[in-house]
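Hi everyone, thanks for coming.

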Amino acid sequence: MTTPSLRVAELSVIALETSFAAAITIAARTPMLVNGARSARERDEARRMVIEKVEAVIECVGAAQVATMIMWTRIAFGDIRSPNGLAMGFVDIATAAARPVRARVQANANRLVGGV
């Protein structure tokens, strides 16, 4: 098990990477949204934007639920006994929920910009 500071640092890095990739993705998609999706490729991209949001929510909720069940199991069996342990359990839940988002946003940035 990693130390609390490393677990929090991992969550911070995930948030930072996600924010940069999101900015790249937004910058790549903004012209299409401003001008309207005129071509078939742009319409497909617009549909993809909506569908991937729903998929990302499902993935994040699933990952958070698994992490929550793990935390409650650890509490039930006495592995988590302190407020710090509980706080780290919540960090683990947030990290689990953030990983699928980071993966999707980075994939979008790579696909839209071409190898970022």
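Let's start with this: is T25 buried or exposed? Keep in mind as we go that this is a predicted model. Okay, so T25 has a relative accessibility of 7%, and anything under 20% counts as buried, so T25 is buried. You'll find T25 in helix α1, which runs over residues 4–35. And what does T25 touch, once we leave aside neighbours within four places in sequence? That would be V105, N108, A109 and L112. With A109 there's a polar pairing too: a polar atom of the T25 side chain sits 3.4 Å from the backbone nitrogen of A109.

In soluble globular proteins, nonpolar side chains tend to be buried together. Here, the largest nonpolar core is made of 6 residues, namely A64, A67, M71, I80, I93 and A96. Two elements, α2 and α3 (83–113), each give two or more residues to this core. The largest share, 3 residues, is from α2.

Last stop, the surface. V66, M69 and I70 make a nonpolar patch there, about 290 Å² in area. Take V66, which belongs to helix α2, residues 40–76. How exposed is V66? Its relative accessible area is 43%, so V66 is classed as partly exposed.

That's my tour, happy to hear your thoughts.

Methods. Residues are numbered from 1 along each chain as its sequence is written. This is a predicted model: local features need pLDDT of at least 70, side-chain atom pairs count only at pLDDT 80 or more; totals for chains, interfaces and linings use all residues. Side-chain values use heavy atoms; hydrogens and water are left out. Patches are made of residues with over 30% relative accessible area and no salt bridge: like charges are joined within 9 Å, nonpolar side chains (Val, Leu, Ile, Met, Phe, Trp, Tyr) within 5 Å. Accessible areas come from the Shrake-Rupley method with a 1.4 Å probe; for residues, only the protein chains shown count as cover. A salt bridge is a side-chain nitrogen of Lys or Arg within 4 Å of a carboxyl oxygen of Asp or Glu. Helices (H or I, at least four residues) and strands (E, at least two) are DSSP runs, numbered from the N terminus. Buried means under 20% relative accessible area, exposed over 50%, partly exposed in between (1.4 Å probe, protein chains only). A polar contact is a pair of N or O atoms within 3.5 Å; within protein, one must be able to donate a hydrogen and the other to accept it, and residues adjacent in sequence count only if both atoms are side-chain atoms. Contact means heavy atoms within 4.5 Å. A nonpolar core is a set of buried Ala, Val, Leu, Ile, Met, Phe, Trp, Tyr and Cys residues joined through side-chain atoms within 4.5 Å.
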